[in-house]
Amino acid sequence: MKSQVDVRQRILAENESRAAGIRERFAAQGTLVLNLISSPGSGKTTLLEETVRGFAPRHRMGVLVGDVATERDAARLQALQIPAYQILTGGACHLDARQITAALERIDTDELDFLFIENVGNLICPTAYELGEDFKVALLSVAEGDDKPFKYPAIFSRARATVITKADLLAHTAFDMQAVREQIQSLQPEGALLVTSTREAPGIDAWLDFLSGALAAKREAAGG
Amino acid sequence: MHELALAEELLRVCARSLARHPGARLRAARVAVGELSAVEPDLLRYAWEAVCAHGPHAGAELRIEWHAAQQQCPRCGAHAERERGGWLRGCASCGALLQIRGGRELELLDLEIELAASQDAPSCDAARDRGREKAAESSAPEENRV
Ligand SMILES: Nc1nc2c(ncn2[C@@H]2O[C@H](COP(=O)(O)OP(=O)(O)OP(=O)(O)O)[C@@H](O)[C@H]2O)c(=O)[nH]1
Ligand SMILES: [Mg+2]
Ligand SMILES: [Zn+2]
């Protein structure tokens, strides 16, 4: 006999409840947790290196970085004297909350102001997985082209901030910043758009200011 | 290509629901997939077939209910008609920048199962056993509550 069973459950409910646990832990200690997502080579690790240089010793920072097979990115960040841990996904195209929970056993995150999670270089797969972050940040490098937000709407509609990287290349491309601004506004009306270069002007001040503001807002909301 | 990981997770969620109907066979699972869920329906279907093959649920069908995202005008409220995957820039009536809503679904809706023969016409004993099972279930900490 045939029968129908109602379920009505998010497919990733288990990941989401694990992520909620991580979020709770960092809410209690006032650490701002960001999940950085972009295609390979957009400049995630470089931006984090410059962020550490710009914020130390004012802020304490830690990084978890997902990579398919190498430990290179974590080594780059450890060289700057911050706790950094490489999560090797063994071929998987995204991080999930279980991997974050396990990685948090391996580095000391108790006193951090910021915990950055650099996701596996991929604009699609990481989008579906909550990692316990306060919010997602999407990076888009100038060389990738100005049509990407509408091509990858899932990530750009979820990201609270989109960071345009490698702005020093604007002079060499036909990248239309206004077109990107309009796509972001359509996908995520509250989203911030920050233009950066780690090579020359405009630098990364807009990004650092955004981070300071987000940290202050989180702590203020928590009554601290 | 996270669809394979998703299909495995989906199968686990199905199996948990199925466990409440001993001996039942899974015939189909119906899922809601939104346009902004970062999931490609065809890839999810292939992945589902792959994770079900050779197991107790081999041949179970995956029915995908597609939910398109909506583009709406924040100024005049008009809904924009558009092609799947194509996005419009401005409102056709007033020119304002359209806003995108919805399309984030990624949910198991329901299962179609084939009950075991003994469940077709439950004897008093079997019905009583199932009642007891239900009671035990609701007192146990439920890990897959929504
Ligand atoms: N011109 C220019 N190049 C940059 C800038 N930032 C990073 N790059 C270069 O872009 C390349 C990739 O940078 P990474 O920081 O390794 O990129 P990633 O996103 O971490 O890469 P994956 O972890 O492999 O996904 C490197 O060669 C960087 O030197 C920039 O502002 N301007
Ligand atoms: Mg990197
Ligand atoms: Zn309008």
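How many aromatic pairs does a search of the whole structure find over all chains? The search finds five. Rings of Phe, Tyr and Trp (its six-membered ring) count as a pair if their centres lie within 6.5 Å; planes under 30 degrees apart are stacked, over 60 edge-to-face, and the rest tilted. In one case, Phe114(A) and Phe116(A), the ring centres are 5.7 Å apart and the planes meet at 10°, so this pair is stacked. Both Phe114(A) and Phe116(A) are buried (under 20% relative accessible area; exposed is over 50%, partly exposed in between; 1.4 Å probe, protein chains only). Together with Phe55(A), these two residues form one aromatic cluster.

The model is predicted: local features need pLDDT of at least 70, side-chain atom pairs count only at pLDDT 80 or more, and totals for chains, interfaces and linings use all residues. Residues are numbered from 1 along each chain as its sequence is written, chains are lettered from A and ligands numbered from 1 in the order in which they are written, and side-chain values use heavy atoms, with hydrogens and water left out.

The magnesium ion (ligand 2) is coordinated at 2.1 Å by Thr45(A) through OG1, Asp73(A) through OD and Glu118(A) through OE. Donors are N, O and S atoms within 2.8 Å of the metal (3.2 Å for Na, K and Ca); water is not among the atoms, so sites may look incomplete. The donor residues follow the sequence spacing T-x27-D-x44-E. Thr45(A) lies in helix α2 (residues 44-55) and Asp73(A) in helix α3 (residues 72-78), so the pair links distant parts of chain A, 28 residues apart. Helices here are DSSP runs (H or I, at least four residues), numbered from the N terminus. Thr45(A) and Asp73(A) are both buried.

Ligand 1 is surrounded by 17 residues, each with a heavy atom within 4 Å. The closest are Lys44(A), Thr45(A), Thr46(A), Asp168(A) and Thr198(A). By class, the shell has two nonpolar, eight polar and seven charged residues. Asp, Glu, Lys and Arg count as charged; Ala, Val, Leu, Ile, Met, Phe, Trp, Tyr, Cys and Pro as nonpolar; the others, Gly among them, as polar.

Backbone atoms also approach the ligand. A backbone N or O atom of Gly41(A) lies 3.0 Å from an oxygen atom of ligand 1. For Gly43(A) the distance is 3.0 Å; for a polar backbone atom of Ser42(A), 3.3 Å. Taken alone, ligand 1 exposes 650 Å², of which the protein buries 75% (Shrake-Rupley method, 1.4 Å probe). Helices α2 and α3 of chain A each give two or more residues to the shell. α2(A) gives the most, with three.

How values were computed. Polar contact = N/O pair within 3.5 Å; in protein donor to acceptor, adjacent residues only side chain to side chain.
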